Amino acid sequence: MKQLQHDSIIPLYHQLKEILKDSVDNGNWNTGDKVPSENQLMEEYGVSRNTVKKAIEELVQDGVLYRIQGKGTFVSKPKFQQPLMGFYSFSKVLKEHGMNPKDIIIDIREIKPGAKIKEGLQMKNDSNVIELKRLRCANDEPFILESSFFTKETVPDMTKLNEIGSISLYDLLDQQFNVVVTRAKEAFEPVLIRADESKFLQTKEGLPALLLERTAFDKEGKPVEFCRSIVRGDRCRFYTELT
């Protein structure tokens with residue numbers, strides 16, 4: 001058993017957190033396993049309850065562990081990982097990982113765009129845009145709450161968007177509106193899940209998430225979609241490789 005270094009400048013809770021995380025990463029604890037109780041960890045490592053609580057709480061926030069009220073703390077499912085080395089489709093990536101993608105349409109409507117949407121779509125007028133709001137799931141588990149915005153020039157008939165689910169969005173844009181997406185620009189920033197978002201994502205308000213903003217372009221370099229996604233931080237991980 002790895003011991004805590006009480007004379008280290010690294011806080012005890014952080015040392016304990018890393019030890020517990022190693023137990024998950026090394027396969028000593030598997031998905032769904034119940035981890036030792038606070039009392040057991042206090043006795044095993046000779047630390048206070050506050051130290052154990054903080055270590056567990058951070059692992060819960062990181063998505064490594066999860067709690068069930070009255071039952072204990074358990075090991076979470078591995079995070080879905082997506083590299084950022086090129087253009088990708090969430091649905092196709094899920095299938096490649098052996099997972100079943102599912103899109104649930106929440107709303108399709110015409111709205112007045114805000115400044116960020118107008119900037120993303122490079123709009124020079126005050127026309128309304130089409131919003132497609134959907135919940136993106138893997139094996140029926142919600143991962144992403146996503147709103148896509150289109151000009152009415154790109155999507156002249158918003159009722160066609162109801163076909164989402166049986167076909168991917170970009171395939172639908174190609175087949176129904178002759179719009180071929182060839183590249184996209186994405187930006188990420190950390191956020192906390194809000195109350196209205198937590199209801200759809202089936203997770204707690206205030207947990208970490210990623211705000212992903214994507215602008216997709218056609219082969220002429222024209223922006224055809226501006227997308228705003230709230231990605232569950234406990235279930236998804238994005239990475240890149242530097243050479």
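**Figure 1. V181 stands opposite D218 of strand β8.** The model shown is predicted, so that local features are given where pLDDT is at least 70 and side-chain atom pairs count only at pLDDT 80 or more, whereas totals for chains, interfaces and linings use all residues. Residues are numbered from 1 along each chain as its sequence is written, and side-chain values use heavy atoms, with hydrogens and water left out. Strands β7 and β8 (residues 208-218) run antiparallel and are joined by 11 bridges; two strands are taken to pair if DSSP finds at least two bridges between them. Helices (H or I, at least four residues) and strands (E, at least two) are DSSP runs, numbered from the N terminus. Helix α6 (residues 169-177) packs on the sheet, where it touches β5 (129-138), β6 (141-151), β7, β8 and β9 (223-232), and its direction makes about 30° with that of β6. Contact here means heavy atoms within 4.5 Å, and axes are lines fitted to C-alpha atoms, for helices over the stretch in contact, with angles running from 0 to 180 degrees between N-to-C directions.

**Figure 2. An open, antiparallel sheet is built from 6 strands.** The strands follow one another in the order β4-β5-β6-β9-β8-β7. Because β4 (101-111) and β7 (181-192) stand at the edges with a single partner strand each, one side of each is left without a neighbour in the sheet. When direction is ignored, neighbouring strands are turned against each other by 20° on average. Strands of a sheet pair, in general, through backbone hydrogen bonds, in either a parallel or an antiparallel manner.

**Figure 3. Strand β6 is paired with β5 and with β9.** All 11 of the 11 residues of β6 are buried, so this strand is largely enclosed by the rest of the structure; buried means under 20% relative accessible area, exposed over 50%, and partly exposed in between (1.4 Å probe, protein chains only). On the β5 side, 10 bridges join the two antiparallel strands, and K133 has S147 of β6 as its bridge partner. On the β9 side, 6 bridges join the antiparallel pair, with F149 partnered by F226 and L145 by I230.

**Figure 4. The hairpin of β5 and β6 has 2 residues between its strands.** N139, in the turn, has a positive phi of about 50°. D140 lies in the loop between β5 and β6, and its phi, near 70°, is positive although the residue is not a glycine. With a relative accessible area of 54%, D140 is exposed. As background, most residues other than glycine have a negative phi.

**Figure 5. Strands β8 and β9 form a hairpin with 4 residues between them.** G221 in the turn has a positive phi of about 85°. The antiparallel strands β8 and β9 are joined by 9 bridges, and along this pairing E213 stands opposite R228 in β9. Since 9 of the 10 residues of β9 are buried, that strand is largely enclosed by the rest of the structure.

**Figure 6. Q122 lies in the loop between α5 (115-120) and β5.** Although Q122 is not a glycine, it has a positive phi of about 55°. Its relative accessible area of 48% places Q122 among the partly exposed residues.

**Figure 7. T73 is a buried residue of strand β2 (residues 72-75).** The relative accessible area of T73 is 13%. When neighbours within four places in sequence are left aside, T73 is in contact with D33, K34, V35, I56, L65, Y66 and R67.

**Figure 8. R237 belongs to strand β10 (residues 236-239).** At 42% relative accessibility, R237 counts as partly exposed. From C-alpha to C-alpha, R237 and E131 are 26 Å apart in space, and they are separated by 106 residues in sequence.

**Figure 9. The chain as a whole comes to 7 helices and 10 strands.** Its C-alpha atoms fill a box of roughly 65 × 35 × 35 Å along the principal axes, and buried residues make up 43% of the 243 residues. Among contacts between residues at least 6 apart in sequence, 57% join residues at least 24 apart.
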